[in-house]
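Dear colleague,

Please find below the structure that I am handing over to you.

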Amino acid sequence: MHGKHMQIGEVAARTELSLRTIRHYEENGLVIPSARSQGGFRLYTETDVARLMVIRRMKPLGFTLDQMRDLLDATDRLDTGGNELDPDEREALITRVRGYERSAAEQVEKLRVQLARAEDFAATLRARLPESEPARP
């Protein structure tokens with residue numbers, strides 16, 4: 001399936017991103033369609049979908065477009081450079097990726113705290129409601 005091309009609608013359905021959002025990421029250089037059809041339609045591969053999924057996962061953690069671009073650049077260079085990178089460059093790229101991993105972990109912890117507070121709040125409200133009334137959606 002690696003060589004199969006998908007149109008933007010299928011990619012949108014698979015990534016749960018809107019067409020507009022995918023085009024926005026393209027305009028900002030975060031993802032570039034792997035090909036174009038004869039009719040000029042954007043065509044994407046599994047690699048493009050995986051890239052969009054990285055972006056999608058970074059967005060709710062508060063990463064900026066520049067940070068997304070920087071991380072994708074680092075991972076692209078690590079993935080394609082392989083053993084051709086000199087050791088210092090490779091270590092610098094790994095350090096950049098580690099920094100993003102730490103930032104993501106910190107954001108996840110903050111979200112856990114927020115979720116726990118929200119659950120406590122909902123439980124407090126539930127406790128104030130009379131037991132005889134059915135809950136409303």
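A nonpolar core is a set of buried Ala, Val, Leu, Ile, Met, Phe, Trp, Tyr and Cys residues joined through side-chain atoms within 4.5 Å, where buried means under 20% relative accessible area, exposed over 50%, and partly exposed in between (1.4 Å probe, protein chains only). The model is predicted: local features need pLDDT of at least 70 and side-chain atom pairs pLDDT 80 or more, whereas totals for chains, interfaces and linings use all residues. Residues are numbered from 1 along each chain as its sequence is written, and side-chain values use heavy atoms, without hydrogens or water.

The largest nonpolar core holds 22 residues, of which V11, I22, Y25, L52, I55 and F63 touch the most other members. Helices here are DSSP runs (H or I, at least four residues), numbered from the N terminus. At least two core residues come from each of α1 (8-15), α2 (19-27), α3, α4 and α5 (87-128), and α3 gives the largest share, five residues.

There are 13 salt bridges, each a side-chain nitrogen of Lys or Arg within 4 Å of a carboxyl oxygen of Asp or Glu. One of them pairs E46 with R14, with the closest N and O atoms 2.8 Å apart; this pair links helix α3 to helix α1 across 32 residues. Another joins R69 to D66 at 2.6 Å between the closest N and O atoms, and both residues lie in helix α4, three residues apart. R69 is partly exposed at 30% relative accessible area, while D66 is exposed at 55%. D70, D73, R77, E89 and R96 form a salt-bridge network.

Kind regards
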